[in-house]
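Student: Hi, I'm new to this one. Could you walk me through it?

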Amino acid sequence: VTGVQTCALPISWWVSRHYALKTDYPEAKARFYLTLLEMAYPHYVELFGREIPGIGEKRMAACYASSTGNLATALKSDGINWAIQAGGITFEGFKCAYMYPSGTLDYHQRYILLHECAHLYQQCLTGSGYTAPEWYGEGVADSLASHVWEKAAIRLTVHVFDKPTTHDYFDEGMIALGRKPMTAQIGRASC
């Protein structure tokens, strides 16, 4: 993992095997977030059924700013004007997950990273976040982001269902499937 200074703000790019992380966090936190993403990567592959074509030659882009102001600056540098209302968003067409800590809990900050990068993986794999109903995309992102992190063992467990969100995409999806059965089909695209 290496850092490269990119602008006047203390924002650096940190690179791992599958990800490029743009952040103003200190090196230790940038390395931790990349480690967490690399530990989640096999779960994204399993969840979506295959790897992103060409992933060995490129990286998925994520931006995790330490505040809403720094996220606004990072978004602006990428040509995006977004009224920040939540902890993260993965913009269609940009193939980059944008996040900031919308709370103080370490769990929630990791959750945001894992959730938005599930959307990022789907966009890089299929070319769009709209290849499936919203309840599916949000449901799989919530499922994978619901986790337990064991710092001492350096172990990530995902799909931990005793940590429900306030908006239950799992039940919503089951109700929608009951009304109108469907099958999933993945198209072709890449980051």
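Tutor: Happy to; we'll take helix packing, then a hairpin, then a loop residue.

Tutor: This is a predicted model, where local features need pLDDT of at least 70, side-chain atom pairs count only at pLDDT 80 or more, and totals for chains, interfaces and linings use all residues. Residues are numbered from 1 along each chain as its sequence is written, and side-chain values use heavy atoms, leaving out hydrogens and water.

Student: At what angle do helix H1 and helix H3 pack?

Tutor: H1 (residues 27-48) and H3 (residues 106-126) pack at about 50 degrees, and their axes are 10 Å apart. Helices (H or I, at least four residues) and strands (E, at least two) are DSSP runs, numbered from the N terminus. Axes are lines fitted to C-alpha atoms, for helices over the stretch in contact, with angles from 0 to 180 degrees between N-to-C directions.

Student: So what do we call H1 and H3 relative to each other?

Tutor: They are oblique to each other. Angles under 35 degrees count as roughly parallel, over 145 as roughly antiparallel, 65 to 115 as roughly perpendicular, and the rest as oblique.

Student: Which residues of H1 meet H3?

Tutor: Among them are Phe32, Leu36 and Tyr41 in H1, and the H3 side includes Leu113, Cys117 and Tyr121. Contact here means heavy atoms within 4.5 Å.

Student: And which residues of H1 meet helix H4?

Tutor: Ala40, His43, Tyr44, Leu47 and Phe48 in H1 meet Tyr136, Val140 and Leu144 in H4. H4 covers residues 134-145, and H1 and H4 pack at about 145 degrees with axes 11 Å apart.

Student: New topic: how many bridges join strand E7 to strand E8?

Tutor: There are 4 bridges, and the two strands run antiparallel. Strands pair if DSSP finds at least two bridges between them.

Student: What lies between E7 and E8?

Tutor: They form a hairpin with 4 residues between them, and Ile154 in the turn has a positive phi of about 50 degrees.

Student: Last one: is Arg17 buried or exposed?

Tutor: Arg17 is exposed, with a relative accessible area of 63%. Arg17 sits in the loop between strand E2 (12-15) and strand E3 (19-23). Not counting residues up to four places away in sequence, Arg17 touches Glu38, Lys58 and Arg59.

Note on methods:
Buried < 20%, exposed > 50% of the residue type's maximum accessible area, 1.4 Å probe, protein only.
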